[in-house]
Structures are given as C-alpha cells and as structure tokens.
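This report is meant for a reader who is meeting the structure for the first time. Please look over the sequence and the model before going on.

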Amino acid sequence: MNAAPTPTPDQFDHPSAGQYAHPSTGQYEAPQSYQSQNRYGQRAEEDPGKVLGIVSLVATLSTFLGFNFIGPVIGIITGHMARKRSQEAGYGDNEMGKWGFILGLGFLGLLVLGWALGISFGIVGGLASLMAG
C-alpha cells in the first residue's frame with residue numbers, strides 16, 4: 001500500500017501582505033499591476049475602438065458648447081469608426097461610439113431642420129412684405 005507523502009514544514013507558509021509566492025521557485029516577489037497585465041503575466045488587450053468611442057461622444061456633446069456643425073460631423077465619423085473597429089476585433093458593440101453616432105445624427109438633423117425653417121420663414125416674410133407694400 002502506498003503511503004501519502006509527508007508535508008514539508010515550509011509547504012504551508014503564507015506570503016506576507018502585498019507579496020505573492022512565485023509558482024516555480026517559491027520565492028516572494030512584488031505584486032504585478034492589475035490593470036496592465038492579467039494573471040498569466042500577459043498584457044490584457046483593450047478594445048481598439050474605445051478611444052474613438054470617447055472622442056465620438058465628446059465631439060457630439062460639444063454641440064452644447066457652440067460647435068453646432070463640426071461637433072456632430074466628427075461624432076458621426078468617429079462613432080462609425082469606433083463601432084467598426086470594435087466589431088472587427090471581436091468585441092461587442094461600442095456603446096460610446098454608438099451613442100456618439102446616434103446623437104450626432106440627431107443633432108445634425110435638428111440643425112438642418114432649423115436651417116430649413118429659418119430659410120422658409122425668411123422667404124415667406126420677404127414675400128409678405130413685397131405683397132403688402
């Protein structure tokens with residue numbers, strides 16, 4: 001009958017706070033950064049459309065700061081690019097890129113509607129003043 005191996009005295013030693021035991025040597029080392037690397041020591045990949053999604057949403061919302069035409073146009077273009085890059089890389093839909101794209105279309109539509117109404121009111125007002133006087 002085989003006997004169970006006897007444990008060694010250092011087998012159950014626990015690392016002190018803030019240090020981890022290295023699996024191959026049993027030596028202690030400083031903890032790795034959680035954000036830059038995953039548990040296997042490899043750098044975690046980031047969504048390639050993340051930055052463009054943020055740019056899209058910020059550019060679209062810059063409409064409220066007075067960038068009435070250029071902000072939504074930049075938001076639409078960068079939102080489309082962000083969503084495309086995220087989907088090509090196998091990530092889900094880029095939410096910030098999607099909202100930058102949708103809001104950009106909405107704000108640009110409102111701008112065009114405002115221009116059309118302003119022009120039509122100007123034409124009607126001009127015609128009315130010609131007929132009256």
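## A serine in the first helix

Is Ser 56 buried or exposed? The model is a predicted one, and in it Ser 56 is found in helix α1. Ser 56 has a relative accessibility of 0%, and because buried means under 20% relative accessible area, Ser 56 counts as buried.

Leaving aside the neighbours within four places in sequence, the residues in contact with Ser 56 are Gly 75, Thr 78, Gly 79, Met 96, Gly 97, Gly 100 and Phe 101.

## How α1 packs on α3

Two packed helices are described by the angle between their axes and by the distance between those axes. For helix α1, which covers residues 50–61, and helix α3, which covers residues 95–132, the angle is about 25 degrees and the axes are 7 Å apart. Angles under 35 degrees count as roughly parallel, and α1 and α3 are therefore roughly parallel to each other. The crossing in which α1 passes α3 is left-handed.

On the α1 side, the residues that meet α3 are Gly 53, Ile 54, Ser 56, Leu 57, Thr 60 and Leu 61, while those of α3 that they meet are Met 96, Gly 97, Trp 99, Gly 100, Phe 101, Leu 103, Gly 104 and Phe 107. Sorted by class, the residues of this contact of α1 with α3 are eight nonpolar and six polar, with no charged residue.

## How α2 packs on α3

Helix α2, residues 70–88, also packs against α3, for the two axes come within 7 Å and cross at roughly 150 degrees. Angles over 145 degrees count as roughly antiparallel, and α2 and α3 are therefore roughly antiparallel to each other. Here too the crossing, of α2 past α3, is left-handed.

The contact involves Pro 72, Val 73, Gly 75, Ile 76, Gly 79, His 80, Ala 82 and Arg 83 from α2, together with Gly 97, Lys 98, Gly 100, Phe 101, Gly 104, Leu 105, Phe 107 and Leu 108 from α3. The contact of α2 with α3 comprises eight nonpolar, six polar and two charged residues.

## α2 itself

From its first C-alpha to its last, α2 reaches 27 Å with its 19 residues, which is close to the 27 Å expected at 1.5 Å a residue. The buried residues in α2 are Gly 71, Pro 72, Gly 75, Ile 76, Thr 78, Gly 79, Ala 82 and Ser 86, and what covers them includes α1 and α3. After α2 comes Gly 90, whose phi is positive, near 90 degrees.

How values were computed
Residues are numbered from 1 along each chain as its sequence is written. This is a predicted model: local features need pLDDT of at least 70, side-chain atom pairs count only at pLDDT 80 or more; totals for chains, interfaces and linings use all residues. Side-chain values use heavy atoms; hydrogens and water are left out. Axes are lines fitted to C-alpha atoms, for helices over the stretch in contact, and angles run from 0 to 180 degrees between N-to-C directions. Helices (H or I, at least four residues) and strands (E, at least two) are DSSP runs, numbered from the N terminus. Angles under 35 degrees count as roughly parallel, over 145 as roughly antiparallel, 65 to 115 as roughly perpendicular and the rest as oblique. A crossing is left-handed if the near helix is turned anticlockwise from the far one by less than a right angle, and right-handed if clockwise. Contact means heavy atoms within 4.5 Å. Ala, Val, Leu, Ile, Met, Phe, Trp, Tyr, Cys and Pro count as nonpolar, Asp, Glu, Lys and Arg as charged, and the others, Gly among them, as polar. Buried means under 20% relative accessible area, exposed over 50%, partly exposed in between (1.4 Å probe, protein chains only). The expected span of a helix is 1.5 Å times one less than its number of residues.
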